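My notes follow in the order in which I looked things up.

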Amino acid sequence: MKPKQRPFIVFAIMAAMLLIVGFVQSWSVALVILNLCLVSAIMALGVNIQWGYAGLFNVGIMGFTALGGVAVLLVSMAPVSAALEVGGGQMALAAVTLIVGCIAVVILYRAWGERLFRKTVTCLAVIAVFFLVHSFYGPASDAIEAVDPAKTGYLGGLGLPVILSWVAGGLLAAGAAWLIGKITLDLRTDYLAIATLGIAEIIISLLKNEDWLTRGVKNVTGLPRPVPFELDLQESPWFIDLVETFNRGALAGLGNTERADALRMLSMEGSGIFVKLCYAGLFMIVLTIIFTLCSLALHSPWGRMIRAIRDNETAAAAMGKNVTGRRLQIFVLGSAVVGIAGAMLTTLDGQFTPGTYNPLRYTFLIWVMVVVGGSGNNLGSILGGFLIWFVWIEAEPVGIWLMDVLTSGFDPASEFRARMLDNAQYMRLMVMGVVLLLVMRFSPGGILPEKTGHR
Amino acid sequence: MTEGPEFLNALILLSNYVVLPAITYGSQLALGALGVTLVFGILRFSNFAHGDTMAFGAMVTILFTWWFQSLGISFGQLPTALLALPVGILFTIVILLLTDRLVYRYYRRIKSKPITFVMLSVGVMFVMTGLVRFIIGPKDQNFADGARFIFKARDFKKWAGLSEGLALRSSQLITIVVTMLLVAALFWFLQKTKAGKSMRAYSDNEELALLSGINPDTVVRVTWILTAVLATTAGLLYSLDKSFKPFVFFQLLLPIFASAIVGGLGKPIGAIAGGFIIAFSEVCLTYVYRKFLIYLLPESMEPETLVQLLSTEYKFAVSFIILVLVLLIAPTGLFKGKVV
Amino acid sequence: MKKTFLTAALVVVMTATGFAQSSVVKVGIILGFTGPIESLTQDMAPGAELAFKEASDSGLFLGGKRIKVIRGDSTCVDAAAATAVAERLVTSDKVVAIMGAACSGATTAVVNNVSVPNGVVTISPSATSPALSTIKDKGYFFRTAPSDARQGQVLAQVAIDRGIKKIAVTFTNNDYGKGLADSFVSGFKKLGGKVTINAPHEDGKADYSAEVGALAASGADELAVLGYVDQGGLGIIQASLDAGAFKRFVVGDGMIGQSIIDRIGDDMIGTFGTLPGGVSEGRAKFVQMATKAGINGEGPYVTTSYDAAALIVLAMQAAGSTNRSAIRSKVMMVANAPGEKILPGELAKGLKILKAGGDVDYVGASSVEFNDVGEVFGTYREMEIKKSFQLIQVR
């Protein structure tokens, strides 16, 4: 197999696997998997920018995904006017105080210079700002959370089209990444890793507990969609016509009533598939844009410089490259891409549930995608996103089937067999680990390794 | 309304709800962090699989505890699990050495980048998580026996004539005592024995240690054995004190990492300090000091509010806030940890 | 003539869409088989399957069809997983109706993303979040468990009636816990009580000593635990008792289960709480039936599970077909008056009446009566641990 053909072959295999799911299970299931594959691929691209291009070990992916998610509700939900009335002004005051306070502290820190008690004075200033902000923030958040807590109890969003939130998600994640990068990027690999891991946890606990902003664990459901609702489709004449045209063969020769019934069933099924196809189309567009930009960047002089820094930081610094500045740039860019994917994921779910974010699913699984797919290679990351998500989802039914076959010799009522079947779903964790270890051992660069062949 | 001297009540109150739980939790974190830091010192990577190694060790111990219990073997007032602990350690040693042979050794030979090892440990973590849940299931497991309390809060109140009670559970005492013994033994091993000395030499300067004839394979093997002892014991102590549930060990890994990093990776003494710093800050920062102050202050100054620095929602974030703050001031931890 | 015509039409539709074999009707049970309420669902699913089996065995269901149950795991916490499993059940297994989901968050995801778009009747036995009352369900969503907005108030009343003036509250940090705590706290304050602290706890965390310390220091003697019996709630109670922090516990429905008594024992005596569902002839009958089948019929949400399943069966019979939207239009009819009252174990009678074109009023084990948004009015039982959980009175 020539290296050039390799991507085509592996992507063809991937497509074939999705088709098999379509035929064996159902097209809806296949499309659900495909949509999440696309989102995963974008996340993997984001991580690849940081790790594959620049060797940054960011274990806080979950945090940026969640920030993308929160952007969806902040952009697209309708504002809650009652909450804005009782607490909006004060909350704005708190925000302004926070920003002004932070600037003041920085100015103070710089102005104080090398005089004595620099750290003590700064600390005192920080504490003063904290209490000042808190005096506005506390009553405001209480007031907002008291507004019909069962249904709202938060400020709501801006009421803008939900598509905008994908951009906003990227920007929000980028902003957070800039701040985090400023603090942590001087740290060495392992220290950086654990620091980002921790910061992601801090972000999640903020999202879970700042009810006035995110509704916290009460979740925000019924987010607006960028695509039509299935029920509306089922009632729109143009869609019914479309379904009719598609199924002309099957519908031919039926009587009027039968035909209407059959058509209704078909358009119900069709509407689900249509909506999922719409999502798939949108996701595909985003993926293409990001992939194109990534490829252009990777092969530009900028990309070469980034890789040079990754491969030999000291040499790059000696050549006069601004290593820290470039690393920050990369960190922000990669996180922004993850944020976009996070926003897309929340849009697809139709609800924002901060309780679902956990590091195993939203950080480590993405890492497995990047490493297995091929770090440093954009196509590889996309493949990793597809493949690993597919395995993650299908490992459960396959695991149950496998256990069923393996233990079929036992008495159906035996405890051993029941136990094996019960625990079969944990096979997916083991499968993930084994796939990762095997790929790292026998194809260290991943399935589609980086082309420059540096390692 | 209160009985006994006010300041004694205040002292007991704080011991019961802050000091004792924090020492226990801190010991468990310290043992975990020691394992992480040892691996980092010798093998030079952050072992993400450590939490699940603890779960594995505890699981084997529990399985054997059940077996012992069914045979009618008991340990008197002490939990039977302590009898099964050596067996658990043995199995964990075997699995860690096996992992090293199958996974890590190859990369050590070809001198891979440190980050490769971290990725590998993520892979091992996945396999180990799956394995533990596959064998024992995801649920809470009950295996504790023996006396639950040394003394109860109610009895203490009666005995001391105070309005505040102090409870001491056997699991807390066992945790503290075993941790002290194990830490003492570890430091003795590292300082006094030949193997320990070569480990320290290897950790300080690999090249020099190799030149002076230290066998790297032996050092690595001893490291894994020590790690197994620490991880299994930490996992079991934790399970005895709270409960055994596989999912929790991943949650536990995060504060353990925070402890190891706060102290400085590769520094055993730092890991211990880090463990207690994290545990105490979690409890102290989220504690409600109202009752404590009521005891101490004159009636006119009694606080109206709860006097809580941070609400308990953010308890879990505390360890990471501390972590980030420490790293800002000392980028390699308090005890100047290693950098690879 | 009309009937044969209808059957013929049905057969055509089924073959056209690859529906199911005509002698078997598939229904889905989606509950959190893994995750925070996995031990509750162990009795809920068999409870529901009891009703499906009863209908199948009667030989009267849609002219002798049998019901095949497909179970799906919603995981309770992961909306994406719940959506995926519902999608599989509805589009791949082609179930005609869903009994589930168990947790409010998962239920919202399933209803919004799968049930409503595909027009599948979904009856939850245990989703209690107040927010579900206003979900845009196009009439496809029902629940046989009452909203938490009511339970919080009832529990507050119970606590006040027992002379509690001051209380500390801890809740599991998710939509269920938070919703229940909100209504409990506001109810308790309204009745003149004082809530000293209202602090969440996270499920499945390493250590609860900080939470217990804060709760204990707030100065209350009683603690309201609104969480799950298999999760943090148990840890909080255990740690409180160990430290001697609280005398008595007030618990929500998620905490009422045998395992808490098994794990903690005598120290739990005096603990009290509320559980949805009244005391009725139907309930007693169901418990008897369940016991015979080896199910703990007294457990939380077991009666509501049976009732949810029974409603699905009766609505299908009333519609005379497995057509999903026809089922929707009949749920209200079979659940509410007028009509012949149907108790657990009497499904055969109901099926017969409906087949003859009559009307039934399903009462079932939990006295089902839907309001206009398709949820029940709550009656609650006040339970107290004497040696095991015992009924004190109905509210």
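I began with the salt bridges between chain C and chain A and found five; the rule asks for a side-chain nitrogen of Lys or Arg within 4 Å of a carboxyl oxygen of Asp or Glu. One of them joins Glu202(C) to Lys208(A), with 2.7 Å between the closest N and O atoms.

Before going on I noted the terms of the work: this is a predicted model, local features need pLDDT of at least 70, side-chain atom pairs count only at pLDDT 80 or more, and totals for chains, interfaces and linings use all residues. Residues are numbered from 1 along each chain as its sequence is written, chains are lettered from A and ligands numbered from 1 in the order in which they are written, and side-chain values use heavy atoms, with hydrogens and water left out.

Next I looked up polar contacts across the interface of chain C and chain A and found 10 residue pairs, both at pLDDT 80 or more. A polar contact is a pair of N or O atoms within 3.5 Å; within protein, one must be able to donate a hydrogen and the other to accept it, and residues adjacent in sequence count only if both atoms are side-chain atoms.

I then asked which elements give two or more residues to the side of chain C that touches chain A. They are α1 (2–17), α3 (79–92), α4 (104–118) and α6 (175–190) of chain C, helices being DSSP runs of H or I of at least four residues, numbered from the N terminus. The most comes from α4(C), with eight residues. By class I read 13 nonpolar, 15 polar and 10 charged residues on this side of chain C.

For extent, I noted 38 residues from chain C and 38 residues from chain A in the contact, which means heavy atoms within 4.5 Å. The two chains bury about 3200 Å² between them, 58% of it on carbon and sulfur atoms; this is the accessible area (1.4 Å probe) lost on being put together, summed over both parts.

I turned to the domains of chain A. Domain 1 covers 32–79 + 156–442 and domain 2 covers 80–155, with bounds from an automatic or database domain assignment. Their centres, taken over C-alpha atoms, are 33 Å apart.

I found zero salt bridges between them, but six residue pairs in polar contact.

How values were computed
Ala, Val, Leu, Ile, Met, Phe, Trp, Tyr, Cys and Pro count as nonpolar, Asp, Glu, Lys and Arg as charged, and the others, Gly among them, as polar.
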